[in-house]
Amino acid sequence: MELDFEPAPTQVASTIEFACSAEPEPSPEYEAALAQGVMRELAAADTDDPAARRSSPVSARVIVRAMSWHWVDTCELTFIRLGALAVREALACVAADREPQPIETRVRLIF
C-alpha cells in the first residue's frame, strides 16, 4: 500500500479516499478494512492494542495511492493492522520531522 496523509483543518472529520485500483482487482472488503484501521487509529481508539493507543485524536485526509493483495495470503485483519501502522508512521514522521520510512512487516495472525 501507499498512503498520503494531509492535515485536516481543525474541527474537520478525518476522511479516506481511494485514488487507485487494487491489484489484482478491487476489493470492497479490504478497502473497508484498511479504512477501519486508519480511521480507528486517527481517532485514538485502537482497542486491539491499548499500549499503542494515543491520548488524543488527529484529523487527517488520507489518500490511498496504491493497494495490492493476494488471493490466498490476505485477510481483512491484515488490512486493519496495516492501516493503523501507516497512521503511526505518518505521526512519527511529523513528530520527528523526517521523511516516511517503508513499513516492512509480517503480520502474524493467531486464530
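## The largest pocket and its surroundings

The largest pocket is lined by 31 residues, and those that lie nearest its centre are Leu3, Phe5, Ala86, Glu89 and Ile103. A pocket is an open set of points on a 1 Å grid over the protein atoms alone, with protein on both sides within 12 Å along at least five of seven lines, and lining residues have an atom within 4 Å of a point. This is a predicted model, in which local features need pLDDT of at least 70 and side-chain atom pairs count only at pLDDT 80 or more, while totals for chains, interfaces and linings use all residues. Residues are numbered from 1 along each chain as its sequence is written, and side-chain values use heavy atoms, without hydrogens and water.

The space in the largest pocket is about 730 Å³. Helix 2 gives the largest share of the lining, 11 residues. The following elements each supply at least two residues of that lining.

| Element | Residues |
|---|---|
| Strand 1 | 2–7 |
| Strand 4 | 60–68 |
| Helix 2 | 76–96 |

The protein chain as a whole has 2 helices and 4 strands, arranged from the N terminus as β-β-β-α-β-α. Helices (H or I, at least four residues) and strands (E, at least two) are DSSP runs, numbered from the N terminus.

Of the 111 residues in the protein chain, 32% count as buried, that is, under 20% relative accessible area with a 1.4 Å probe, protein chains only. Among contacts (heavy atoms within 4.5 Å) with a separation of 6 or more, 75% join residues 24 or more positions apart.

Key:
1 Å grid on protein atoms, 1.4 Å probe; cavity = no way out; pocket = protein on both sides within 12 Å on 5 of 7 lines; lining within 4 Å. Points joined across faces, edges and corners; volume = space filled by probe spheres on them. Buried < 20%, exposed > 50% of the residue type's maximum accessible area, 1.4 Å probe, protein only.
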